[in-house]
Structures are given as C-alpha cells and as structure tokens.
Amino acid sequence: MLAYAAGRGWTTIWAVAAVLAGQLFVGWTNDYLDRDLDRRAGRTDKPIPAGEVPAGRVRVAALIAIAACVPLSLANGLAAGAVHLLAVGVASAYNLWLKPTPVSVLAYALCFGLVPAFITLGLHPAHLPPAWATFGAALLGSGAHFTQVLPDIESDRQLGLRGTPQVLGRTGSTLAAALLLAGAALAILLGPGHPAQLQLVALGLTLLLILGVVVSGLGGRHQLAFRLTLLAAGAIALVFIAGGRSLA
C-alpha cells in the first residue's frame, strides 16, 4: 500500500513478494529455533510443539523462503534489495541472539525503521526517505514489540528470557508501548508538516486506540492490546495515504 502510493506502480508486486518471503523465513526460523522452549512452555498453539508439523519440514521451508527472498529483494533494485535483506538479517539476529537480551527492542526498531528506505530506494530516481518516516516507523515497530510479547512475559521469564519486555514487565511494557505508538503517530501524521483536518482527526482517533492499548494491557487483556496496536498502525498508514501523502 505504501509502496504503491509512493509511485512504485506495478513493481509494487516485487516489494510485496520480497516482504512475504522474508516474513515467512523469519517466522519459520523463529518457530524452528524456539521449538524446545515452546515445548517447555506448553505452547500447543504452535505447530511444532503440538506435533502437527515436523521440525525438519519447517527448516526446509525456511531455507526455501530465504532462497526466494534474495532474488525477490534484488528485483526491487540493488539498493532497495540490500536494505530489505539487511532487515531480514537483523530479524534473524533477533531470533538467534537478541530475543533473550535487554536490547531486543532495538532489532524491531531497526527492522521497521528500514521499511521507508526499502520503498524509496526502489523508486526512480532512488532516494532516502525523510527522517520523520524512518523515525516514525522505528517507533511503531518498537511499540508493537512490547504488545506482541505481553501475553508471554511471565512464561518467558520462567524460561530465562530477559528481552526488553521481560525486563520491564507487563505494566512497564504496556506503558512503553503506548508512548512509542503515540510518538509514531505524531511523527507519521504530523511529520510532513501542514496537517489537514483529516490528519488531526486521525491523530485523535489513534490516540484513543492507544488509550485502549493501555486499558487492555493493564487490565490483563493482552491479546486485545496487540490487536488494538495493529488497528492503530493500520489507521495511521491509511490516513497518511488518504490524505494524499506519500514517501515519494
């Protein structure tokens, strides 16, 4: 959506395909690497510990996904492809090393912060995105990290994981998510300058959604908090585009 609005035209399909392949690789790698931890945590909602899919099959699927991700990324242009592969590499580093460390949120900040560059470097002429877009995307990803992990913080702590959300705990993570998401909304909706009434109304509605994240997170409704985070992120992107703005 952002790529098309920025003027990528039909080449948007390469951006979508590359991101899909990268996400499949990162997700399947995460499931494969965490299979023992998931079994110990009783995560029967995940296919490997539930015995629904053999671990070896997931490993092969992940290898196929990364084999497809490389050419699909480079189809967006050398610079854009390199940026996307860097993001996939950072996400892989999160799966391998950073997840149980107090700096886990930095991986999310970097991966999401690279998204605008992946889009604009695939344009003709290629160019770097505005600073507000990079900053806002990084804040958005960081906030999502905290709400995504909310349901599992206590079980993660028992397994010895000490990522940023586990260090802050559920209350601290909920409040951190709210601050980061609010910062993202301000940067993305107001960053380009001269906000129209649509942007101001959207900002107000987004802040209400973020308030819902706080109420849900503090009230123990952690899945709802994450869904509201996704809704807030979608609303920010939709209004940004509906207001006639783009990263071009």
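Helix 11 covers residues 197-218, and its 22 residues reach 32 Å from first C-alpha to last, close to the 32 Å expected at 1.5 Å a residue. Keep in mind that this is a predicted model.

**Helix 11**
- Buried residues in helix 11 include Gln199, Ala202, Leu203, Thr206 and Ile210.
- Further along, Gly212, Val213, Val214, Ser216 and Gly217 are among the buried ones too.
- After helix 11 comes Gly220, with a positive phi near 85 degrees.

- Asp31 pairs up with Lys46, with 3.2 Å between the closest N and O atoms.
- Asp31 sits in helix 2 (residues 12-33), while Lys46 is in the loop between helix 3 (35-40) and helix 4 (55-74), so this pair links distant parts of the chain, 15 residues apart.
- Both Asp31 and Lys46 are buried.

**Salt bridges within a helix**
- Arg39 and Asp36 are three residues apart, which means about one helical turn separates them.
- Arg39 counts as partly exposed because its relative accessibility is 44%, and Asp36 does so at 46%.
- Arg157 and Glu154 also meet in a salt bridge, at 3.8 Å from N to O.
- These two sit three residues apart in helix 9 (residues 153-158), so Arg157 and Glu154 are about one helical turn from each other.
- Arg157 is partly exposed at 29% relative accessibility, as is Glu154 with a relative accessible area of 34%.
- An α-helix has 3.6 residues a turn, so residues three or four places apart point the same way.

Conventions. Residues numbered from 1 in each chain as written. Predicted model: local features only at pLDDT ≥ 70, side-chain atom pairs only at ≥ 80, totals over all residues. Heavy atoms only, no water. Helix = DSSP H or I, 4+ residues; strand = E, 2+ residues; numbered from the N terminus. Expected span 1.5 Å × (residues − 1). Buried < 20%, exposed > 50% of the residue type's maximum accessible area, 1.4 Å probe, protein only. Salt bridge = Lys/Arg side-chain N within 4 Å of Asp/Glu carboxyl O.
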